Amino acid sequence: MMPEEIDRARLRVVILAAGLGTRMRSKRPKMLHTLGGRTLIERCVETAARLVDDRPIVVTGYGGEAVRAAIADRAVCVTQDPPLGTGHALAQAEAVARGAQHILVTYGDVPLLTPELLRQLIGLCESSGAAIAMLTVLADDPRGFGRVVRDSSGERVLAIVEDVACTPEQRAIREINVGAYCFDGDWLWPALQRVRPNPHNGEYFLTDLIALAIADGREVRALPAEDRSACIGINTRADLARAEVALRRRINHQHMLNGVTLLDPDTTYIEEGVTIGADTVIWPNTHLLGETRIGSECQIGPNTLIASSLLGDRVQVVQSVVEDSQVADDVHIGPFAHLRAGAHIGPGVHIGNFAEIKNSTLGAGTRMGHFSYLGDATVGADVNIGAGTITCNYDGVRKHRTVIGDHAFIGSDTMLVAPVSVGHRARTGAGAVVTKDVPDDTLAVGLPARVIRKLR
């Protein structure tokens, strides 16, 4: 059976996530540390969900309530209490998983395993009839990890020998155990009952099942992972940083294959929910986060952060921050601009340096040059926002709205004290403090501003 043809209905996935994670030196459970914007446990559950029809089973322990809250109803959670090792943890899932033909077991702290790699592992177990198929990796420096000892044919695993117990010949072996397994379900559960506690710490080790399978005359097969970065285990903050680099390279590589230019992939940070159109150029030190969508032929960066925003085609964002905003085609933003939540920018708008926009709409072709703030404002098309313009939208209790009509001209240093409106084609003089509505086609100047004449 080919890996892509695995029987999803007869497979259950168990994710072991009960460890203390003491080496993280954190009050937060290890499973709730984030990698590429998602927690470790969320990543593992999302990967497992792509393999099976039933919800994955997550074995929780330390911080279990918080871990369960993070994955909500996306998994079936069982508890390991007290923590008595990996074999004991898997045994807690028996009541839920029993009856499945194959049981795939992964660890919650190995979050970069791909569905494709796990399908290969499942396929190896199914096609070979093995009791256990295990994922391995060839390490340049395997010191400290158990070695995978194979038979003379190289097909069957004979043992996993811990580093301290290796002979000189075994110590030269580069193949080590990753900690992802596919088990024959009928064999697994009775075999787990035969695992004995380790005499040194009283824990039940999952790896002891390998010796039991061989003693039963069953085969144990190993699948070396070609992508070693997919097998990074997270035990320390340093491991987490290594995984971030690996994930970033994986994501960036795919965008480049899709026609996006990354001038310096090593300093470009893109989360998995981001989509980018072809022929867009991403400059160094750019961060694209959340469910951001960027159109084609854009220029983004350098030194730019865009989070959970929608950008059209041919948009240029230079050294700026865009958050929870929508930007239409042919818009130029920055440098040093800040679009906050609720900014809706129409086509052809120019937003210059040190401009800030929050919960506001700017119509097509409007120009907001520099040193200005628009909050809770509706601005029409082809409006000029002079330098230093401020919408005074907060009275200390409530936010109020400012409305500016099409083709209006707002002079430099204008204060618009909301709620207030400026009509179509109206103008304000430099330094005006507008406290009353300005009608269409009129000029208002002064402090407080007053209408001095009609413009047409």
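Let's start with a charge over a ring: K399 lies over the face of Y394, 5.7 Å from the ring centre. The term applies when NZ of Lys or CZ of Arg is within 6 Å of the ring centre and within 35 degrees of the ring normal. This is a predicted model, where local features need pLDDT of at least 70, side-chain atom pairs count only at pLDDT 80 or more, and totals for chains, interfaces and linings use all residues. Residues are numbered from 1 along each chain as its sequence is written, and side-chain values use heavy atoms, leaving out hydrogens and water.

**Rings and charges**

- The structure holds three aromatic pairs. Rings of Phe, Tyr and Trp (its six-membered ring) pair if their centres lie within 6.5 Å; planes under 30 degrees apart count as stacked, over 60 as edge-to-face and the rest as tilted.
- One of these pairs is F336 with F354, which is stacked because the ring centres are 5.1 Å apart and the planes stand at 20°. F336 lies in the loop between strand 24 (332–333) and strand 25 (338–339), and F354 in the loop between strand 27 (350–351) and strand 28, so the pair ties together parts that are 18 residues apart in sequence.
- F354 also pairs with F371: their centres are 5.3 Å apart and their planes at 10°, so this pair is stacked. F371 sits in the loop between strand 30 (367–368) and strand 31 (373–375), so its pairing with F354 ties together parts that are 17 residues apart in sequence.
- How accessible are F336 and F354? F336 is partly exposed, with a relative accessible area of 43%, and F354 is partly exposed at 44%. Here buried means under 20% relative accessible area, exposed over 50%, and partly exposed in between (1.4 Å probe, protein chains only).

**Strands and the sheet**

- Helices (H or I, at least four residues) and strands (E, at least two) are DSSP runs, numbered from the N terminus.
- An open sheet is formed by 12 strands in the order 12-15-18-21-24-27-30-33-36-39-41-42, with mixed pairing. Strand 12 (261–262) and strand 42 (449–454) are at the edges with a single partner strand each, so one side of each has no neighbour in the sheet.
- Two strands pair if DSSP finds at least two bridges between them. Strand 39 (residues 427–428) and strand 41 (residues 442–446) run parallel and are joined by two bridges; T428 has A444 as its bridge partner in strand 41.
- Elsewhere, strand 8 (residues 147–150) pairs with strand 9 (residues 157–161) in the antiparallel sense over four bridges. R147 has V161 as its bridge partner in strand 9.
- The hairpin of strand 8 and strand 9 has six residues between the strands, and G154 takes a positive phi near 80° there.

**Two residues and their surroundings**

- S360 lies in the loop between strand 28 (356–358) and strand 29 (361–362), and S360 counts as buried at 0% relative accessibility.
- Which residues does S360 touch, not counting those up to four places away in sequence? They are G342, A343, H344, L374, G375, D376, A377 and R401. Contact means heavy atoms within 4.5 Å.
- A polar atom of the S360 side chain lies 3.1 Å from the backbone nitrogen of D376.
- M415 is in strand 37 (residues 415–417) and is partly exposed, with a relative accessible area of 24%.
- Leaving aside neighbours within four places in sequence, M415 is in contact with G388, I390, C392, A432, V433 and V434. M415 and C392 are 23 residues apart along the chain, and their C-alpha atoms are separated by 6.7 Å.

**Cysteines and helix 1**

- How many disulfides does the structure hold? There are zero. C231 is in no disulfide, and the nearest cysteine sulfur, that of C44, is 12 Å away. For a disulfide, the two cysteine sulfur atoms must be within 2.5 Å.
- C231 is buried, with a relative accessible area of 12%, and C298 is buried at 0%.
- Helix 1 (residues 40–49) is mostly covered, with eight of its 10 residues buried. The buried residues of helix 1 are L40, I41, E42, R43, C44, V45, T47 and A48.

Terms used
Polar contact = N/O pair within 3.5 Å; in protein donor to acceptor, adjacent residues only side chain to side chain.
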